[in-house]
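Please keep the sequence and the 3D view open as you go.

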Amino acid sequence: MTDAYQKLAAYARETAILASAGSLLDWDQQTYMPSGAAESRAEQIGMIAMLVHTRRTCAAMRDRIEEAEASGLDPQSAHAASVREFRIDFDRAVRLPSELVGELARVTSQAQQAWKRARAADAFASFAPWLERVIGLCRTKAACYGTPVGGEPYDALLNEYEPAATAAQIEAVFTPLRDRLSRLLVELRQGKDPAPIKIKAEAARQHDFGLYVIESIGFDLARGRLDTTAHPFCQDIGPDDVRLTTRYREEHFTDGLYGTLHEAGHGLYEQGLPRDAHFGEPLAQSISLGIHESQSRLWENWVGRSLEFWTWALPHAASIMSAELSSYLPEQVYRAVNTARPSLIRVEADEATYNLHVMIRFELERALFRQEIEARDIPGLWNEMYAALLGLTPPDDTRGCLQDVHWSAGLLGYFPTYTLGNLYMAQFMEQAERDIPGLKAGFCAGSFAALLEWLRANIHRHGRRYRASELCERVTGMPLSADPLLRYLESKLRPIYSC
Ligand code: ZN
């Protein structure tokens with residue numbers, strides 16, 4: 001490491017400390033803040049965001065990056081990779097004029113209110129002008145970033161969430177996935193849905209069980225918390241502070257449990273980043289949303305929906321959460337939590353059909369940025385695509401194209417990262433099973449440490465040293481492919497549906 005790198009890292013650390021104060025205010029806003037404080041809180045968050053943006057784009061930051069670039073770091077070193085990532089972040093941030101950033105913030109905040117009203121009233125027409133404005137601003141944003149060489153304008157937005165990914169690469173993986181998933185769903189249609197688990201569990205007992213599970217898988221509650229919100233999320237606040245949230249429904253304990261496990265997967269990734277030594281540097285940051293999502297899905301689905309997990313978890317669930325569970329066998333719970341049937345709502349979809357929901361949104365977004373369609377075309381196209389891919393036609397736009405918050409919030413280019421997460425998960429886990437003998441059998445005894453250690457060593461500790469695609473090849477020896485996810489879903493679901 002050079003002195004110039006140390007100066008850059010020290011400056012970035014101060015910026016990260018400031019940003020983490022903003023994160024804490026944001027977490028509080030979504031959990032415990034009294035509603036009357038909304039206006040002053042928006043001012044606090046806005047002021048910190050502005051100071052952070054200024055520090056990240058100012059001449060002092062540019063000079064420090066230039067000095068580090070010229071300081072003779074070994075090009076193969078982690079520090080050189082870190083400087084490369086500092087440069088990418090800086091160049092992207094300065095390309096956006098601050099007026100555009102401000103307008104996007106204002107318009108999306110109003111558009112989200114308009115979306116809430118339109119969704120409640122099933123009134124797409126009232127939301128359409130707002131959606132048009134958001135899309136227009138995002139097209140401008142994509143133009144400011146510039147189209148990557150050999151790519152398309154949509155790639156520039158995609159790269160905010162999945163650096164270096166292209167729509168063409170994603171399409172190459174999504175297409176075979178879509179075709180084989182569609183065939184799998186036709187097969188499963190011949191079988192019978194597993195019987196549901198019908199029990200009631202108080203929210204407080206569900207919370208206790210959730211804490212027991214996340215502690216057992218290795219989430220450090222001395223450096224994190226679990227609270228309740230309307231929409232579950234994971235907020236990373238500082239080197240030793242990762243906040244998880246979830247929600248509970250008394251008659252559907254699996255909603256709360258899988259929400260908790262999902263967010264804990266994100267939290268374990270955050271807790272595994274080398275933040276003691278590198279807080280504020282790319283070396284202590286996550287690679288991309290796709291890789292982040294691979295970590296959350298892995299604990300939620302690969303672990304949490306396995307028979308081995310339920311063999312361990314069921315007696316604890318019965319004693320901590322609800323005695324009614326003692327009349328069930330692990331096999332029954334396992335089958336019930338793996339029910340796979342086409343449905344209209346993405347966030348309620350099972351592991352197999354979920355990806356089809358994502359592909360529909362990906363195709364629509366891509367067409368928007370190729371200027372082939374406009375906001376007003378979305379409801380019709382949405383319904384046609386749901387009929388073609390899932391065999392269902394939404395009875396209204398509330399259960400159709402108005403269901404997700406993302407577009408009103410300006411998050412275009414975000415959806416594909418959900419399916420990328422599932423794909424990375426399956427590919428990583430095939431490798432983990434090769435590397436760790438008896439991995440799944442260990443879950444039966446509540447032993448999850450070997451898996452967490454493997455994730456720490458192969459994924460978490462690298463921060464942003466490697467690109468997502470590079471990391472995938474380093475860990476698994478193969479570029480990202482649809483095959484592992486398909487093998488995982490087919491081998492699990494076919495026996496459950498006896499086909
Ligand atoms: Zn997630």
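## The sheet and its helices

An open sheet of 3 strands is arranged in the order S1-S3-S2, and its pairing is mixed. Strand S1 (224-228) and strand S2 (234-238) each have a single partner strand and stand at the edges, so one side of each is left without a neighbour in the sheet. On average, neighbouring strands of this sheet are turned by 20° against each other, direction ignored. Strands count as paired if DSSP finds at least two bridges between them. Helices (H or I, at least four residues) and strands (E, at least two) are DSSP runs, numbered from the N terminus.

This is a predicted model, in which local features need pLDDT of at least 70 and side-chain atom pairs count only at pLDDT 80 or more, while totals for chains, interfaces and linings use all residues. Residues are numbered from 1 along each chain as its sequence is written, and side-chain values use heavy atoms, with hydrogens and water left out.

S2 and strand S3 (residues 241-246) run antiparallel and are joined by 4 bridges. Cys234 has Leu244 in S3 as its bridge partner. Two helices lie across S1, S2 and S3: helix H1 (residues 3-31), at about 145° to S2, and H10, at about 165° to S3. Contact here means heavy atoms within 4.5 Å; axes are lines fitted to C-alpha atoms, for helices over the stretch in contact, and angles run from 0 to 180 degrees between N-to-C directions.

## The zinc site

Which residues coordinate the zinc ion? They are His262 (NE2), His266 (NE2) and Glu293 (OE), at 2.1 to 2.3 Å. Along the chain, these donors follow the spacing H-x3-H-x26-E. Donors are N, O and S atoms within 2.8 Å of the metal (3.2 Å for Na, K and Ca); water is not among the atoms, so sites may look incomplete.

His262 and His266 are separated by about one helical turn because they are 4 residues apart in helix H10 (residues 253-272). His262 is buried, at a relative accessible area of 10%, and His266 is buried too, at 11%. Buried means under 20% relative accessible area, exposed over 50%, and partly exposed in between (1.4 Å probe, protein chains only).

## Aromatic pairs and charges

A search of the whole structure turns up 22 aromatic pairs. In Trp27 and Tyr32, the ring centres are 5.7 Å apart and the planes stand at 70°, so this pair is edge-to-face. Trp27 is buried, at 7% relative accessibility. Trp407 and Phe415 are also edge-to-face, with centres 6.1 Å apart and planes at 85°, and both residues are buried. Rings of Phe, Tyr and Trp (its six-membered ring) pair if their centres lie within 6.5 Å; planes under 30 degrees apart count as stacked, over 60 as edge-to-face and the rest as tilted.

One aromatic cluster includes Tyr212, Phe253, Trp299 and Phe448. Charges meet rings as well: the charged end of Arg297 sits over the ring of Tyr354, 4.5 Å from its centre, and that of Arg361 sits over the ring of Phe415, 5.4 Å from its centre. The rule is that NZ of Lys or CZ of Arg is within 6 Å of the ring centre and within 35 degrees of the ring normal.

## Two loops to check

Most residues other than glycine have a negative phi. Ala164, not a glycine, has a positive phi of about 75°. Ala164 sits in the loop between helix H7 (153-161) and helix H8 (167-189), and is partly exposed at 43% relative accessibility.

Gln371 is not a glycine either, and has a positive phi of about 60°. The loop that holds Gln371 runs between helix H15 (351-369) and helix H16 (378-390). Gln371 counts as exposed, at 53% relative accessibility.
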